[in-house]
Amino acid sequence: MKKNFKLLLFFTITLSLFSTGCVTTSKNTTHQIVQHQYKDFNCSDYYHYKAELNHEGRDVTPAQAYEMVLADPEHTFIIDARTPAEYAFIGHPTGSYNIPLKFSTNEIEEKGGHLTPKMTANNNFGKNLLAKFNTSTDTLIFMCRSGKRSCTACDEAIKVGFSKEKLFSLLGGFEGGKVENKNSAFYGQRKAGGWVNEGLPWDYKLDANLAYMRSK
């Protein structure tokens, strides 16, 4: 009896999650169908976003960023400021450009009592932006893992001539923030918002025109 009750509860919860449109599946086409089928339902309403750093430009939620790109795909672009390895192995928003703000050195260092991958700055970040985008017509939405590097990317874009009115930092980044509730089964995991957790289109596919290539 208890087993049957647990099965019933499991299927009820699963059906409820799918009905909201917030469930992510492995097929990107499903992501798109969910987003359009439930266009009046905004997953961003269920996450509490805040900017990780003060920065020039503005902030935008993942759902808002997606709608901006759909509304003007010729002049609105998502710039993934993570490392090429993150872009390739963790995945990235479909159609996003990878222009790293920093590179991984393949070393580990201690910061604030925690071990973390050691990074080095991409000194050509501004030049990389100018090589692909127009400072007068293009709107750039910067994205990183959880929303910190994207803030710095906005400031760097200002330095090479982009207008702060056309620069945005994507709140929550690609993976989202860490769950802070210690009673949650997801405590410490990146489940608190972000592009992936909102069920927006993403993939692992690498396109030579979008991926970062030092020779270009």
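Student: How many disulfides does a search of the whole structure find?

Tutor: Keep in mind that we're looking at a predicted model. Searching the whole structure turns up 0 disulfides. Let's take the cysteines in turn. Cysteine 144 is in no disulfide, and its nearest cysteine sulfur belongs to cysteine 151, 7.1 Å away. A disulfide needs the two sulfur atoms within 2.5 Å. Now try cysteine 154: its closest cysteine sulfur is also in cysteine 151, at 6.7 Å, and that is too far for a bond. As for cover, cysteine 144 has 1% relative accessibility, so it counts as buried. Cysteine 154 counts as buried too, because its relative accessibility is 0%.

Now for the surroundings. Helix H6 spans 149-159, and it is among the elements that cover the buried residues of helix H5. Helix H5 itself runs over residues 125-132, and its buried residues are Phe125, Gly126, Asn128 and Leu129. Look down the axis of H5 and those buried residues fall within an arc of 160°, so they line one face of the helix.

For contrast, here's a spot on a strand. Threonine 105 sits in strand S5, which covers residues 102-111. With 25% relative accessibility, threonine 105 counts as partly exposed. Leaving aside residues up to four places away in sequence, threonine 105 touches Lys118, Met119 and Thr120. Threonine 120 is 15 residues from threonine 105 in sequence, yet their C-alpha atoms are 6.6 Å apart in space. With lysine 118, a polar atom of the threonine 105 side chain lies 3.0 Å from the backbone oxygen.

Finally, step back to the whole protein. Its secondary structure comes to 6 helices and 11 strands. Of its 216 residues, 38% are buried. If you take the contacts with a separation of 6 or more, 60% of them join residues 24 or more positions apart. The protein exposes about 13100 Å², and carbon and sulfur atoms supply 54% of that.

Notes
Residues numbered from 1 in each chain as written. Predicted model: local features only at pLDDT ≥ 70, side-chain atom pairs only at ≥ 80, totals over all residues. Heavy atoms only, no water. Helix = DSSP H or I, 4+ residues; strand = E, 2+ residues; numbered from the N terminus. Buried < 20%, exposed > 50% of the residue type's maximum accessible area, 1.4 Å probe, protein only. Contact = heavy atoms within 4.5 Å. Areas by Shrake-Rupley, 256 points an atom, 1.4 Å probe, with all protein chains shown as cover. Arc of directions from axis to C-beta. Polar contact = N/O pair within 3.5 Å; in protein donor to acceptor, adjacent residues only side chain to side chain.
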